[in-house]
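Please take a look at the structure below.

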Amino acid sequence: MQNTQTAGFTPETPLILGMMRLHDHPSLTQPARLADWIAARLDDGLNVFDHADIYGGGECERLFGDALRAHPALAQNLQVITKTGIVPADWDTSQWRVKHYRAEADYVENAINKAIASLAVEQIDTFLIHRPDPLMQAEDVARVLEAAVSAGKIRQIGVSNFLPEQWRWLARNTELPLVCNQSQLSLLHTDPLFDGTLEAHLADGLRWLAWSPLGGGGLADRIPAELMEEAREETGLDDTGLAIAWLRQIPGTPIPVLGSMNPERIHSALNGARSPVPRGLWYRLLESVRNTAVA
């Protein structure tokens with residue numbers, strides 16, 4: 001397995017802004033309004049935006065691209081991640097009408113070209129295979145990804161929701177380094193910290209992009225109010241900031257992919273990304289959500 005240099009993702013990258021719910025915000029469907037929102041996030045120091053071809057049935061990439069077409073200078077100051085490989089049931093044109101995965105060479109090549117057009121960017125910074133596909137012919141997919149990098153269509157590649165041996169098989173079939181794996185990790189989803197998944201990321205040089213870093217917003221329901229109040233007094237962080245700060249303490253500095261479009265929530269997360277959590281409090285929170293004492 002190649003050890004990689006995760007270009008574009010550094011310890012100083014505090015958050016990635018997830019665009020999965022963009023189409024749910026009517027106020028941001030106008031190109032000028034969305035362009036203002038993007039510009040404000042750039043002013044916050046946040047310049048990485050996460051997409052996938054299936055988000056909003058394809059609408060999220062298009063809406064984002066409309067904003068960049070209206071204000072093309074914005075594109076020079078941001079990075080875009082996007083993903084392909086999931087086919088929802090209503091996209092399946094076969095008689096079976098079943099949700100499935102398509103990590104196929106032609107499908108991936110078409111998705112890259114479509115994403116560049118939809119997003120109105122000259123280059124996709126990081127392109128991911130969205131889910132492991134048991135039918136993937138890794139060599140064929142690797143050749144498409146390598147050709148896209150050579151052509152300047154994408155800068156670097158990674159995976160999403162892959163287990164270690166799944167990403168290692170793809171890596172074994174390409175000369176390109178895999179720079180990241182985007183998968184679930186939060187204070188409310190800690191199993192990957194205890195089953196070797198964390199160490200596999202570190203050993204193989206993949207940066208962890210953590211989706212659902214707030215655990216669906218259920219932190220306050222899982223932690224006693226008294227402990228939450230003590231944690232707020234100790235850190236000065238609200239629930240959102242505390243969840244992000246806890247995540248960022250993990251070795252390798254996982255980067256939260258925040259799904260919220262709310263500026264206040266984003267600012268709370270940003271405060272958390274820049275704040276340390278005392279080791280004792282880190283373990284006390286872990287103990288609380290797992291409902292078991294550290295062995």
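Predicted model: local features only at pLDDT ≥ 70, side-chain atom pairs only at ≥ 80, totals over all residues.

Start with Phe64, which is found in helix H2. Its relative accessibility is 0%, so Phe64 counts as buried, the cut-off being under 20%. Which residues does Phe64 contact, leaving aside its neighbours within four places in sequence? They are Met19, Leu22, Leu34, Ile38, Phe49, His51, Leu78, Val80 and Leu119.

Now compare sequence and space. Phe64 and Thr29 are 35 residues apart in sequence. Their C-alpha atoms are 8.7 Å apart in space.

## The nonpolar cores

In soluble globular proteins, nonpolar side chains tend to be buried together. The largest nonpolar core here has 86 residues. Six of its members touch the most others: Trp37, Ile38, Phe49, Phe64, Ile112 and Leu145. Helix H3, residues 105-119, gives this core its largest share, seven residues. Another core lies apart from it and has nine residues, including Ile81, Leu128, Cys180 and Leu209.

Look next at Ile112. Leaving aside neighbours within four places in sequence, Ile112 is in contact with Ile124, Phe127, Val144, Leu145, Ala148, Lys153 and Ile154.

Strands of a sheet pair through backbone hydrogen bonds, either parallel or antiparallel.

Ile16 stands opposite Val257 in S10. Leu17 stands opposite Leu258 in S10.

## Strand S3, covered on both faces

Strand S3 spans residues 79-84. Is S3 enclosed or open? Six of its six residues are buried, so S3 is largely enclosed by the rest of the structure. Both faces are covered. Gln79, Ile81 and Lys83 are buried on one side, and Val80, Thr82 and Thr84 are buried on the other.

S3 has parallel partners. Three bridges join S2 to S3, and Asp50 has Ile81 as its bridge partner in S3. The chain crosses from S2 through helix H2, residues 59-70, to S3. This β-α-β crossover is right-handed. S3 also pairs with strand S6, residues 124-129, over four bridges in the parallel sense. There, Thr84 stands opposite Ile129 in S6.

## Strand S10 and its cover

All four named residues of S10 are buried: Ile255 and Val257 point one way, while Pro256 and Leu258 point the other way. S9 and S10 pair in the parallel sense over three bridges. Ala210 stands opposite Pro256 in S10.

Leu15 lies in the segment before S1. Its relative accessible area is 1%, so Leu15 is buried, being under 20%. Leaving aside neighbours within four places in sequence, Leu15 is in contact with Leu46, Ile244, Ile255, Pro256, Ile266, Ala269 and Leu270. Leu15 and Leu286 are 271 residues apart in sequence and 22 Å apart in space, C-alpha to C-alpha.

## Helix H5, a helix with two sides

Helix H5 covers residues 164-172. Which of its residues are buried? They are Pro164, Trp167, Arg168, Leu170 and Ala171. These residues cover an arc of only 160 degrees around the axis, which means they sit on the same side of H5.

The face turned away from that buried side carries the exposed residues Glu165 and Arg172.

Definitions and conventions:
Residues numbered from 1 in each chain as written. Heavy atoms only, no water. Core = buried A, V, L, I, M, F, W, Y, C linked by side-chain atoms within 4.5 Å. Buried < 20%, exposed > 50% of the residue type's maximum accessible area, 1.4 Å probe, protein only. Contact = heavy atoms within 4.5 Å. Pairing = 2+ DSSP bridges. Right-handed = clockwise from strand over helix to strand, strands pointing away. Arc of directions from axis to C-beta.
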